[in-house]
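I opened the notebook to log a few look-ups on one model.

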Amino acid sequence: MNTYFDIRRFGRLMRYDLVANSRHLAFLLIAVSVGLYALLFLNFYKAFTVTYSVGEMESRVGDIASFFLLVLFVFSVYSPSLVCSRLCDKAASTAYWLLPASPLEKFLVRFLLSAFGAVGLVVCAMLMADALFMLTCLAAGLPGVTSVSLAMAGLLGDTLGAFARREMPPGPGGWWLLVVLWLTFAMSRALCLLCGVVFRRRALLLTVLLSVAVSMGYATMDGDWVGALYWSAYGSPVSAAWLSLSLVAVTVCCYLLAYRLFCRIQIVGRRWISL
C-alpha cells in the first residue's frame, strides 16, 4: 500500500470517486431539485389562483429564502458526517480500499466530497429549482417574480452587515469575535466528521440525533457555562484568544482521530464502531 501523498494520484482518485458515483450524484441532484421545486410551488400555489401584489410576492420570496439559507447552513455543518456514506456496501468498500492510493489520499477525497461536494450539490439543486420555478412563474404571468437565489444572497449580505454594525465590538475585539465564530463553525464540522467515521451507517441521521440529545441534555443542566464562556470573549481579546486556541485544539484532535479511525476501517472491516 502506498503511504506517501502524491498530488497526481490524489487527482486520479478524486476523478474515480466522482465517476464511480456519477449516477448516484445525478439522482440526488434531480431528487433534491424536484423536492425544492415542489416546496417552492407549495409556498406559492395560491398565487396561481389568487392575484398577489408585487409586495406580497416579494414577502413570500423573502420567507422561503430565509428558510433555504437556514437549511443550507445546517446542512453545511452536518455534511462531513457523510464521509463514509458510499463505503457501507461491502463490494464498494472493498473496491475502494484496494485502490492504489495512500490512506491520507482516500481520507482527503472522501472528506472534500462530503464536506464541500455535498454542499455544492445542494447549492446546484437550489439554483436548478429556482430557475425552473421562475420559468413556471413567467409562463403563468405572475407579477413580482424574483429569484430566490438572489434573495438568499441579499439576505446573507444584509444579515452579515447588520451583525457587523450591531453585535461586533469596536476595535480588535470585533475581529477576535469573528475568529471565534468561524472556529466554532469549523469545530462543529470536525465533530460531525468524527461522528461520520464512527457511525458510518446512517451517519447523518445518527449525528443529528446525537446533537439533539446533547443539546437537550445541556438544556437540563444548571447554568449556561458555554454562553458565559463566549460572552467573556465578546469584549476581551485575551479571553477570545484562549478560546480560539481551545477551539483549534479540539478541531485538530477531531481531524486526527477521524483519520485514525478511517485508517482502522481498512483493517477492522465492516464494524459499526472501529475503535
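My entries follow, with the ground rules put before the look-ups.

**Ground rules.** I am working on a predicted model, where local features need pLDDT of at least 70, side-chain atom pairs count only at pLDDT 80 or more, and totals for chains, interfaces and linings use all residues. Residues are numbered from 1 along each chain as its sequence is written, and side-chain values use heavy atoms, with hydrogens and water left out.

I looked up the second largest pocket and found about 480 Å³ of space in it. A pocket here is an open set of points on a 1 Å grid over the protein atoms alone, where a 1.4 Å probe fits, with protein on both sides within 12 Å along at least five of seven lines; lining residues have an atom within 4 Å of a point. The volume is the space filled by probe spheres set on the points, which are joined across faces, edges and corners.

I listed 20 lining residues; His24, Leu25, Leu28, Ala118 and Leu121 are the closest to the centre. At least two lining residues come from each of α1 (7–20), α2 (22–44) and α5 (103–140). Helices are DSSP runs (H or I, at least four residues), numbered from the N terminus. The largest share, seven residues, belongs to α5. By class I noted 12 nonpolar, five polar and three charged residues. Nonpolar covers Ala, Val, Leu, Ile, Met, Phe, Trp, Tyr, Cys and Pro; charged covers Asp, Glu, Lys and Arg; the others, Gly among them, are polar.

**Cores.** Next I took the largest nonpolar core, which has 28 residues; Tyr96, Val109, Val197 and Phe262 touch the most other members. Such a core joins buried Ala, Val, Leu, Ile, Met, Phe, Trp, Tyr and Cys residues through side-chain atoms within 4.5 Å. Buried means under 20% relative accessible area, exposed over 50%, partly exposed in between (1.4 Å probe, protein chains only). Two or more members come from each of α1, α4 (90–97), α5, α7 (172–199) and α10 (237–268). The most, seven residues, come from α7.

I then checked Phe262. Beyond its neighbours within four places in sequence, its contacts (heavy atoms within 4.5 Å) are Cys84, Leu87, Trp97, Pro103, Lys106, Phe107, Arg110 and Val197.

**Backbone.** Which phi values are positive in residues other than glycine? I noted Arg200, near 65°, and Arg202, near 50°. Arg200 sits in the loop between α7 and α8 (203–219), and Arg202 is placed in that loop too. Arg200 is buried, at 6% relative accessible area. Arg202 is exposed, at 64%.
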